[in-house]
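Dear colleague,

I am handing over the structure below, and I would be grateful if you could look through it alongside the notes that follow.

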Amino acid sequence: MREVIQGLPGSKIREVANAGLGRADLLAFWFGEGDEATPAFIRDAAIESLQRGETFYSHNLGLPELREAVAGYVSSLHPPLGSERIAITSSGVNALMISMQALVGAGDEVVAVVPVWPNLTAQPAILGGCVTRVSLRPRSGAWRLDLDELLAAVTYRTRVLLVNAPNNPTGWTLGRDEQAALLAHCRRTGTWIVADEVYERLYFADDARAAPSFLDVAEPHDRLVVVHSFSKSFLMTGWRLGWLVLPQTLVDAVGKLIEFNTSCAPVFVQRAGLAALRGAHALVPTVTAHLRQCRDTLLPALQAVPGVEVAVPEGGMYAFLRVAGEDDSLAFAKRLVREAGLGLAPGAAFGDEAEGWLRWCFASRDPARLAQGVQRLRAALRL
């Protein structure tokens, strides 16, 4: 086995979750998904596809009608683009891995903004890339980017700049001016930008339909790959369906990589994606409004807990918090499971930069569960 594979760390989130297996009274907020099932109209579309016998391969790049629908959806939020720039993938993480396979080889440098979901930095490492981490820094619980530090880290040797915004786990969101500055710099250095924007609709600024996107400042020919997923905004985590927005020159190569990875996304899952996009105008704002209610239930309660440092996130579905005196996030998360029946993700799962922090997914069908969770945290802290 390759040494880099042997050295991959196990999921610390799974480690905490395994510690809580079998507990009926557990309040679990550790995974990046809510507890609400995919809407019936999306499930029905998949069922009808299966009943029609659509159990065969499709085009590597996805059903033409789904690519058209994705292009229309993206164009409703950003400058118009055509379906020839869309590739359908078997999940957002599959889209990320295919992007890395297309762009990163042994010895190539990848600069990543961290802390971040660990899969993003593991993927280029698996391919033999060298990952340079540029960390956000917390100020009163809010994580911020030093743009000058990031610009200095991206040089002519940098093959890919990897950015996830809105960010998992911190909720940090890249501003439009920052995106423009990064894009202009990467044009000079010849660096590709891989932008994980799967949380773009889970953005809580007033009157904003989506978070700032690199698509708003880029030209079609720019070295930009934008990664998306149906998982979060459409309540479809288990369906494993995503898409890529690509420069047209990259599309054929990505089609080959999809063939070598998964061949294609299942047709009945793509039919579900089509239904989701048809209902997006009603579904997605409802999901975002509910998550904002959840955020606004949880955050004031956490901020009122003595010793807790946490800021209101701009986007995403997570509160990222630190408890004074608790510097070992994995041990603390396990103690919360054991003593309080409260399941949170340890910050160490997202890199050394996040040690001492905890991630709380606030996507809850019943916001009252969040208030109950804060009470359990208080009990664990003897408050």
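A residue is called buried here if its relative accessible area is under 20%. Please keep in mind throughout that this is a predicted model.

By that cut-off Y318 is buried, because its relative accessible area is 1%, and Y199 is buried as well, with a relative accessible area of 4%.

The aromatic rings come next, and the count comes to twelve aromatic pairs. One of them joins W143 and W357, whose rings are edge-to-face, with 5.1 Å from centre to centre and 65 degrees between the planes. Since W143 belongs to strand β6 (residues 142-144) and W357 to strand β15 (residues 357-361), this pair ties together parts that are 214 residues apart in sequence. Both W143 and W357 are buried.

The rings of Y199 and Y318 have centres 5.8 Å apart and planes at 75 degrees, so this pair is edge-to-face. Y199 sits in the loop between β8 (192-196) and β9 (224-229), while Y318 is in strand β12 (residues 318-323), and the pair therefore ties together parts that are 119 residues apart in sequence.

The buried residues of α11 include A280, L283, V284, V287, C294, R295 and L302.

Definitions and conventions
Residues numbered from 1 in each chain as written. Predicted model: local features only at pLDDT ≥ 70, side-chain atom pairs only at ≥ 80, totals over all residues. Heavy atoms only, no water. Phe/Tyr/Trp six-rings, centres within 6.5 Å; stacked < 30°, edge-to-face > 60°. Helix = DSSP H or I, 4+ residues; strand = E, 2+ residues; numbered from the N terminus. Buried < 20%, exposed > 50% of the residue type's maximum accessible area, 1.4 Å probe, protein only.
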